[in-house]
Amino acid sequence: MAVVLSVVIFVAVFLVCGLAAAILIGLSAALSLSNLGLVSVLLVILVSLIGYLVLLYVGSLVNLLIIEVIIREDKAGVMETLAKVRPLVWDFVWLSFLMSLFLGGLFIWGVFSLLIIFILWSVWGSFVTFIFLEKRKKGLANLWLSKAMVSQRFWGIVWRMMLLNVAAFIISSILASSKNSVMELSSVLVSLITQPFLISFSYEMYRNIPEPQNVKRPGVWIGLSIAGYVIAVIMMVAVGGSLMKLFKDISPQDLLNMYKPLQSEQDIDRFLPQN
């Protein structure tokens with residue numbers, strides 16, 4: 001889930017920055033305000049990146065804290081666990097960013113595959129946090145090792161995770177659909193109880209799978225990720241070019257008139273279909 005969430009946030013930021021840049025550049029070209037357009041683009045990108053980093057940091061801290069509390073054998077207190085994982089947060093933020101960068105490039109292919117690629121990497125990345133906390137690998141080496149470990153017993157892990165998640169979803173849905181407020185509250189409690197159990201179950205699967213001797217980088221997937229960004233940039237350039245052509249045909253006065261209220265019958269008639 002953490003892998004999917006990080007990718008969704010990253011892709012959203014990427015699309016927002018690209019779309020905002022295309023619109024602002026087109027407007028600046030139409031209004032001959034190149035400096036203002038450039039500054040606006042830079043501000044949008046800067047604010048988006050800061051927001052992304054804040055969300056990533058908070059999400060990473062909470063994720064590490066919850067998982068460390070669940071898998072620690074000595075069952076230390078929350079504050080002691082927080083002191084242990086806090087120095088690791090920025091390394092995990094870097095890992096999350098690299099995973100988002102890699103998997104974000106697969107976004108286009110994920111859409112074309114009807115989300116199958118996203119599901120595959122969600123399963124392959126199931127052990128990333130466990131590996132990071134226990135083996136302290138650097139960067140995407142955590143993801144490559146997780147993929148290699150899961151691949152050894154792929155279908156066994158898939159069916160176990162699917163069975164547990166479907167069972168938890170069915171129970172929560174039945175309770176949530178009830179008109180009884182107590183039953184609806186119970187559905188929330190079931191979700192809070194099942195999540196730690198699912199994490200513990202995943203950790204037990206991780207502990208029972210041996211670490212492979214040789215872990216290779218998935219060259220094909222890396223190539224697809226790079227190709228996905230190339231396609232995205234080409235699409236954004238094409239959209240930006242189309243917007244620039246559109247705005248060049250519109251004068252500044254026309255842009256201002258678009259926001260003026262309709263004040264006369266002649267103005268209203270201009271927007272009505274002609275017979």
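Predicted model: local features only at pLDDT ≥ 70, side-chain atom pairs only at ≥ 80, totals over all residues.
Helix H8 is largely enclosed by the rest of the structure, because 9 of its 12 residues are buried. The buried positions are Asn 142, Leu 143, Trp 144, Leu 145, Ser 146, Lys 147, Ala 148, Met 149 and Val 150.

## Helix H7: burial

Helix H7 is likewise largely enclosed by the rest of the structure, since 6 of its 8 residues are buried. These are Val 128, Thr 129, Phe 130, Ile 131, Phe 132 and Leu 133.

## Arg 136, between H7 and H8

Arg 136 follows H7 and is placed in the loop that connects helix H7 (128-135) with helix H8 (141-152). Its phi is near 50°, a positive value in a residue other than glycine. Arg 136 has a relative accessibility of 41% and therefore counts as partly exposed, the range for that class lying between 20% and 50%.

## Leu 114, between H5 and H6

A positive phi also occurs at Leu 114, where the angle is near 60° in a residue other than glycine. Leu 114 belongs to the loop between helix H5 (107-112) and helix H6 (116-124). With a relative accessibility of 71%, Leu 114 counts as exposed, because that class begins over 50%.

Definitions and conventions
Residues numbered from 1 in each chain as written. Heavy atoms only, no water. Helix = DSSP H or I, 4+ residues; strand = E, 2+ residues; numbered from the N terminus. Buried < 20%, exposed > 50% of the residue type's maximum accessible area, 1.4 Å probe, protein only.
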